[in-house]
Amino acid sequence: MRLAGPLRIVALVVTVGLTWIVGSILLGGPGSGFPRIQQFFNSPESSVTAEPRARKYKCGLPQPCPEEHLAFRMVSGAANVIGPKICLEDKMLMSSVKDNVGRGLNIALVNGVSGELIEARAFDMWAGDVNDLLKFIRPLHEGTLVFVASYDDPATKMNEETRKLFSELGSRNAKELAFRDSWVFVGAKGVQNNSPFEQHVKNSKHTNKYEGWPEALEMEGCIPRRSVAS
């Protein structure tokens with residue numbers, strides 16, 4: 001008895017069945033856990049995309065600064081563990097990574113017209129010499145911007161002249177700055193009013209975030225370029 005005919009029919013049925021099963025899996029038929037191949041051919045408008053990340057501008061600001069303004073962001077030190085950071089126009093002026101920060105006051109002097117860094121130094125206000133700080137800020141020229149971020153202790157070595165000089169740069173809080181306070185400040189030589197760029201948190205055992213130290217401070221904004229600078 002010849003079986004070629006029936007065998008061909010069986011083979012055809014098996015082939016059709018396997019083709020249907022494989023196609024169902026690849027195309028995402030009912031019960032399939034595999035992605036659908038046709039998704040690769042969908043238009044971009046019909047495909048599901050992730051939420052776009054919020055755009056960041058210079059120094060990580062959420063909005064761009066107006067023309068003729070300098071974008072900045074600064075963070076004070078956290079206790080005596082994490083050093084401060086000062087960023088201006090997307091350039092890191094001072095940070096632990098740059099290895100130019102230290103306990104006390106971290107100060108960056110900037111040309112208020114061009115935004116270029118003049119000099120950056122850290123002054124130890126616990127065991128250092130306050131005269132080093134005075135020599136640094138006494139001879140400032142009109143229009144120089146002064147960025148200050150505290151780390152650990154900003155005030156033990158401060159004297160009356162130091163507080164007066166910072167007050168003349170626009171600080172409201174320099175006169176009351178004390179042991180282990182957190183402080184960030186941007187001032188300028190020749191300002192007529194108090195600076196709008198200043199934050200200060202007192203060291204208090206009742207409110208301190210860290211044992212023996214208040215919380216770190218973070219401040220960002222846009223500074224108008226000065227018309228006169230050194």
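**Disulfides, cores and selected residues of the predicted model**

C65 and C222 are joined by a disulfide in which the sulfur atoms lie 2.0 Å apart. The structure in which this bond is found is a predicted model. The bond connects distant parts of the chain, since C65 belongs to the loop between α1 and β1 whereas C222 lies in strand β9 (residues 218-224), 157 residues apart. The torsion about the S-S bond of C65 and C222 is about -85°, and the disulfide is therefore left-handed. C65 is partly exposed, at a relative accessible area of 22%, and C222 is likewise partly exposed, at 25%.

In total, the structure contains 2 disulfides. The other bond is formed between C59 and C87, with an S to S distance of 2.1 Å. This pair, too, links distant parts of the chain: C59 is located in the loop between α1 (4-26) and β1 (69-75), and C87 in strand β2 (residues 85-88), 28 residues apart. With a torsion of about -85° about the S-S bond of C59 and C87, this disulfide is left-handed. C59 is buried, at 9% relative accessibility, and C87 is buried with a relative accessible area of 9%. When bonded cysteines are counted along the chain, the disulfides follow the pattern 1-3, 2-4.

The chain comprises 3 helices and 9 strands. Read from the N terminus, the order of these elements is α-β-β-β-β-β-α-β-α-β-β-β. Of the 230 residues in the chain, 38% are buried. The accessible surface amounts to about 14,100 Å², and carbon and sulfur atoms account for 56% of this area. Among contacts between residues at least 6 apart in sequence, 58% connect residues at least 24 apart.

In soluble globular proteins, nonpolar side chains tend to be buried together. In the present model, the largest nonpolar core has 22 residues, of which L105, I107, L133, V148, F166 and W183 touch the most other members. At least two residues of this core are supplied by each of β4, α2, β6 (144-151), α3 and β7 (182-188). Helix α2 provides the largest share, with 5 residues.

The N-terminal end of α2 is capped by D129, a side-chain oxygen of which lies 2.9 Å from the backbone nitrogen of N131.

Strand β4 contains L109. L109 is buried, because its relative accessibility of 5% falls under the 20% limit. Apart from neighbours within four places in sequence, L109 contacts E116, L117, I118, E119, F136, L140, T144, L145 and V146. Between L109 and L93, which are 16 residues apart along the chain, the C-alpha atoms are separated by 9.6 Å.

H200 is located in strand β8 (residues 198-201). H200 has a relative accessible area of 18% and therefore counts as buried, the limit being under 20%. A polar contact of 2.8 Å connects the side chain of H200 with the side chain of D181. When residues up to four places away in sequence are not counted, H200 touches N173, E176, L177, D181, S182, W183 and L217. W183, one of the residues touched by H200, also belongs to the largest nonpolar core.

How values were computed: Residues are numbered from 1 along each chain as its sequence is written. This is a predicted model: local features need pLDDT of at least 70, side-chain atom pairs count only at pLDDT 80 or more; totals for chains, interfaces and linings use all residues. Side-chain values use heavy atoms; hydrogens and water are left out. A polar contact is a pair of N or O atoms within 3.5 Å; within protein, one must be able to donate a hydrogen and the other to accept it, and residues adjacent in sequence count only if both atoms are side-chain atoms. Helices (H or I, at least four residues) and strands (E, at least two) are DSSP runs, numbered from the N terminus. Buried means under 20% relative accessible area, exposed over 50%, partly exposed in between (1.4 Å probe, protein chains only). Contact means heavy atoms within 4.5 Å. Accessible areas come from the Shrake-Rupley method with a 1.4 Å probe; for residues, only the protein chains shown count as cover. A nonpolar core is a set of buried Ala, Val, Leu, Ile, Met, Phe, Trp, Tyr and Cys residues joined through side-chain atoms within 4.5 Å. A disulfide is a pair of cysteine sulfur atoms within 2.5 Å.
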